[in-house]
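Please read the points below alongside the sequence and the model.

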Amino acid sequence: MTDLTNAGEPISAVEGRSRVRLAIPFGFIEPLFAAVDFSIIVAAGAIGGIAYQRALGGAADGSFYAGLGLVASFAYVLVAHFLGLYRLNQLLDDELNGGRVLAGWCLAALVLAVMLFLFKSGGDASRGSVVCLFAIGGAGLLVARWLGKRRLRSALVAGTIRGRRVVVIGTQGELAQFGRSDLLARFGLHEVERIILPREEAPKLSASGRHEDELMKRIREASAEEIVLALSWSGPRDIEALLDRLRVIPLPVRLLPDRAVSTVLRHQTSMPQRLYMVEVQSAPLSVLDRLTKRLLDIIVAATSLVVLSPPLILVAVAIKLESKGPVIFRQRRHGFNGKPFVIYKLRSMSVQEDGGTVVQATKQDPRVTRVGRLIRQTSIDELPQLFNVIQGHMSIVGPRPHALVHDYEYGSMIANYAFRHHVKPGITGWAQVQGYRGGTPRLELMERRVALDLWYIDNWSLILDIHIMLRTAFELIRPRNAY
């Protein structure tokens, strides 16, 4: 076998079903069970206190006993967490875990009694109401766990639980132990693409351009959140060969337990098996990092568009009056994960190159118009890229995107050039504020720019982005290398 192949049910059918159902994220399951237990205990405190006091014919203070339930609920959820009652392997097995539920509830009741003693509140609490809290809470926890586990198993069968979208790559033998339902139940993964790689071809992948291109294309088209490898742990060279090719993909890569390790894990009940996935490549930015960077981008881009709208309109009119052609110049560039997008710029030249030949601007370039020379020196021509930021194709700060033909050219000459696509391209960047702005007529200039871009990716922080934005304002005052 010489081709990378798919296995199992077509992904399009799976995704077709997922579009017509409301899916619950897999990561919500454990907090959801804890929240249900928490609510049951608080409700049991209020109901137990009110019911007992009403039975005696007295006035009941439901808020006081709900407060007792609140203390007990905190204690129970913590105890249940340490007992492993919220682990997925416990929630998905057929055993009710009633003994451990009651043991955890007894410990929580003991904590409540100690708290009442320490704060000298025992006289304010009715012993009968506390007994009712204990009885109703224990029964409620047992019933909730029984119903919750039944609904959870039904949801897994119905496909209404959504895991993290992953591309699974591995050999036929290792992939055989992981069906789509197994990956979801054991690891919280939703398989969107399965690529079977014969064992004997894994080392050859690093030297096979055709296989590499096909592999990268399929991973990018899958729109996955992670890459998961199913390879034998006894073949480290195979794993390293595949990792060398996957380093250009800005996604975390994890290694599933192989058949030998899985045999051992089947006898392991104290920890969920999903914790045994080994992360062999981390994402450049965490989810929180991407969220904060995106929030900063939206705030800065939206504010800038509002403030700069008048001068943008004036420049657009000047461009239209000076020469024929569109005001906005559009060109294809590579963005995050190497996906192409259309970049916007104010037209500053008499040509609109976007094909197999794109010539960089030079000093006294005859293609640059009079208005174009001014807006290029002040970088006003880049301002329409604020719309690219709003669309999510670009960031305010990041490696500057190059024309597609230049990406292909430099990618073959500069090591790790493709790593620039591990983050979104930016309107400005660390290389630009270090003086590497404008054209790169010599290869060593591009090599230095790439090195600065990679340093930025490795050392990213929100403070660094703000620092670069402020430095950019000063760089615009002195138009070095801008022509």
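1. The crossing of H5 and H6 is right-handed, meaning that the near helix is turned clockwise from the far one by less than a right angle. The axes of H5 (residues 98-118) and H6 (residues 127-158) come within 10 Å and cross at roughly 150°. H5 and H6 are therefore roughly antiparallel to each other (angles over 145 degrees between N-to-C directions).

2. In contact (heavy atoms within 4.5 Å), H5 contributes residues including Trp-105, Cys-106 and Leu-112, while H6 contributes residues including Phe-134, Leu-141 and Arg-145. By class, this contact of H5 with H6 comprises 10 nonpolar, 3 polar and 1 charged residues.

3. Helix H2 (residues 29-55) packs on helix H3 (residues 62-82) at about 150°, with axes 7 Å apart. The crossing of H2 and H3 is right-handed. Among the residues making the contact are Phe-38, Ile-41 and Gln-53 of H2 and Tyr-65, Leu-70 and Phe-74 of H3. The contact of H2 with H3 has 13 nonpolar, 6 polar and 1 charged residues.

4. Of the 483 residues of the protein, 45% count as buried (under 20% relative accessible area, 1.4 Å probe, protein chains only). Among contacts between residues at least 6 apart in sequence, 76% join residues at least 24 apart.

5. This is a predicted model, in which local features need pLDDT of at least 70, side-chain atom pairs count only at pLDDT 80 or more, and totals for chains, interfaces and linings use all residues. Residues are numbered from 1 along each chain as its sequence is written, and side-chain values use heavy atoms, leaving out hydrogens and water.

How values were computed:
Axes fitted to C-alpha atoms, helices over the stretch in contact; angles between N-to-C directions. Helix = DSSP H or I, 4+ residues; strand = E, 2+ residues; numbered from the N terminus. Parallel < 35°, antiparallel > 145°, perpendicular 65-115°, else oblique. Nonpolar A, V, L, I, M, F, W, Y, C, P; charged D, E, K, R; others polar. Buried < 20%, exposed > 50% of the residue type's maximum accessible area, 1.4 Å probe, protein only.
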